[in-house]
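Open the model in your viewer and keep the selection panel handy.

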Amino acid sequence: MTDTAAQQQKIVPIFSGGGTRLSAHIGILQALLELNYRFDSLVGVSGGSIVSSLYSAGMSLEDIKRLALNTDFRQFREFSILRLLFEGGLASGDFFEEWMDEQLQGRTFADIPMRLNILATDLNSGAPVIFNRERCPDLKISKAVRYSMSIPLIFSFKKYQDSPLTDGAILAEDALFDDWNGDGTPGVCFRLKSNQDGRKPNKIHSLVPLKHYVELLIRTFMTAISREYVNAQYWHNTVVINTGEVSAVDFNLTKDAKNQLFEVGYQTAKQYVPLKLHNIYPYRQGSSLQA
């Protein structure tokens, strides 16, 4: 392979959003490895920060998938109206952070060889807050993931340097397409899109209507975020993964549902990433980037 060809194989995967649909990101990563794309940088946002941090810390893709399939996401769910009123979320997120730190074996950004970038959103300014080796080498990666996973209304806000942070998935697209390597390596953003089926009636449980209404509100809000249009400026660098009716806050996912998410992420990336990169490198002929 020539130097030029090798450079054109190099990308920066950007795993954006996802929440509990993170199995789709694992499938995407599997496809990228099979397609022989090179990357020494990863960008993770919300659910994408979980997968990118585990892989950056050296966990094999097989082990990441096994972990996702065998983890009951319901253990991270709480329902405290008082916490929602005073801290902005139904759950503290502390147990999730502890679980994440255990999987990462307490690693900080300085402890891993890959360039890992995790994004959260500053509630005061709406600007991105970037966590990586250059900015905060001694910060535990699990804490950065917790910041990025502050799903509105689900997990309470957490402060970093006196600024309350929320989910990175609500960031504007501009924040995702930085020159992460500093050398012009193209970023490819993977966005998960879900569809809410309005034809299905939602049964309200009379005993706890408030709980049900809040859950519906959260689901609708997160679905609306995932269905935002992709700016034409970034279309060639974006792959949209349609996760059907599975939303970012489906904590009751079965193993079968998680496997289906893995498969849709894998198949979509396998089909469309070569096409997207062929448009970025239109002058390359007869390469593996062509579909």
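Which residue forms a salt bridge with glutamate 97? Select lysine 143: its closest N and O atoms to glutamate 97 are 2.9 Å apart. A salt bridge here is a side-chain nitrogen of Lys or Arg within 4 Å of a carboxyl oxygen of Asp or Glu. Lysine 143 lies in helix α7 (residues 141-148) and glutamate 97 in helix α6, so the pair ties together parts that are 46 residues apart in sequence. Helices (H or I, at least four residues) and strands (E, at least two) are DSSP runs, numbered from the N terminus.

Before moving on, note that this is a predicted model, where local features need pLDDT of at least 70, side-chain atom pairs count only at pLDDT 80 or more, and totals for chains, interfaces and linings use all residues. Residues are numbered from 1 along each chain as its sequence is written, and side-chain values use heavy atoms, with hydrogens and water left out.

Now color by accessibility. Buried means under 20% relative accessible area, exposed over 50%, and partly exposed in between (1.4 Å probe, protein chains only). Glutamate 97 is buried at 15%, whereas lysine 143 is partly exposed at 31%.

Next, select aspartate 94 and lysine 158, whose side chains meet in a salt bridge of 3.1 Å, N to O. Aspartate 94 sits in helix α6 (residues 94-103) and lysine 158 in strand β7 (residues 158-160), 64 residues apart. Aspartate 94 is partly exposed at 35%, and so is lysine 158 at 23%.

Then pick lysine 10 and aspartate 40, another salt bridge, with the closest N and O atoms 3.4 Å apart. Lysine 10 is in the loop between α1 (3-8) and β1, and aspartate 40 is in the loop between α2 and β2 (41-45), so parts 30 residues apart in sequence are tied together. The whole structure has eight salt bridges.

Follow the chain back to helix α2 (residues 23-34). Its twelve residues reach 17 Å from first C-alpha to last, close to the 16 Å expected (1.5 Å times one less than the number of residues). Nine of the twelve are buried, so α2 is largely enclosed by the rest of the structure. Among the buried ones are His25, Ile28 and Leu32. To see what covers them, show elements including β1 (12-16), α3 (47-56) and α9 (255-280). Just after α2, stop at asparagine 36, which takes a positive phi of about 65°.

Last, select cysteine 136, buried at 8%, and cysteine 189, buried at 0%. The structure holds zero disulfides (pairs of cysteine sulfur atoms within 2.5 Å).

Definitions and conventions:
Contact = heavy atoms within 4.5 Å.
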